[in-house]
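Hi everyone, thanks for coming. Let me put the sequence and the model on the screen, and then we can walk through it together.

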Amino acid sequence: MVLFIFVAFQSCAAGIANTLTENGESSGSAGIIVAIMLLAGGIVSVVTRNSKGKGGNIALIVLFGLGALLGFTMAGSFTDLNIWAAWCLINAVVAVIAMVRSNKANTTE
């Protein structure tokens, strides 16, 4: 959730740079969307940390997966967006691992 602030500020700066240079890129807007996905994923992660179901992990996979997809495809000249998209991808993979581990723990009980 803390990364939301950094990504949002960087995205605003990238958006202003895209506008001033009139290069037709939308990497600043994509960065704002990635920042929102990071914030939403962080909130979902905190809220569902002690849940026994798969819903929280599925929501995390969707949120962080969308953030990674948008970040990688729309980075353009905003190269830091690739870093934030990679972080989203790492979080999505961790959510997949947590979901698989919780399924194995439920079947062994």
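So, what pattern does the chain follow, read along the sequence? It goes α-α-α-α. Please keep in mind that this is a predicted model. The chain has four helices and zero strands. Along its principal axes, the C-alpha trace spans about 60 × 20 × 15 Å. There are 109 residues in the chain, and 30% of them count as buried.

Let's start with helices H1 and H2. H1 covers residues 3-21 and H2 covers residues 27-47; their axes come within 7 Å and cross at roughly 170°. That makes H1 roughly antiparallel to H2. By class, their contact has eleven nonpolar, six polar and no charged residues. On the H1 side, the residues involved include Leu 3, Phe 4, Val 7 and Cys 12. On the H2 side, Ile 32, Ala 35, Ile 36 and Leu 39 are among them.

Now please look at H3, residues 55-73. How far apart are its end C-alpha atoms? They are 27 Å apart, which agrees with the 27 Å that 19 residues should span at 1.5 Å a residue.

Which residues of H3 are buried? They are Gly 56, Asn 57, Leu 60, Leu 63, Phe 64, Gly 67, Ala 68 and Gly 71. Seen down the helix axis, these buried residues fall within an arc of 135°, so they line one face of H3. Here is the background: an α-helix has 3.6 residues a turn, so residues three or four places apart point the same way. On the other side of H3, Leu 69 and Thr 73 are exposed.

That's my tour, thank you!

Key
Residues are numbered from 1 along each chain as its sequence is written. This is a predicted model: local features need pLDDT of at least 70, side-chain atom pairs count only at pLDDT 80 or more; totals for chains, interfaces and linings use all residues. Side-chain values use heavy atoms; hydrogens and water are left out. Helices (H or I, at least four residues) and strands (E, at least two) are DSSP runs, numbered from the N terminus. The expected span of a helix is 1.5 Å times one less than its number of residues. Buried means under 20% relative accessible area, exposed over 50%, partly exposed in between (1.4 Å probe, protein chains only). The arc is that of the directions from the helix axis to the C-beta atoms. Axes are lines fitted to C-alpha atoms, for helices over the stretch in contact, and angles run from 0 to 180 degrees between N-to-C directions. Angles under 35 degrees count as roughly parallel, over 145 as roughly antiparallel, 65 to 115 as roughly perpendicular and the rest as oblique. Contact means heavy atoms within 4.5 Å. Ala, Val, Leu, Ile, Met, Phe, Trp, Tyr, Cys and Pro count as nonpolar, Asp, Glu, Lys and Arg as charged, and the others, Gly among them, as polar.
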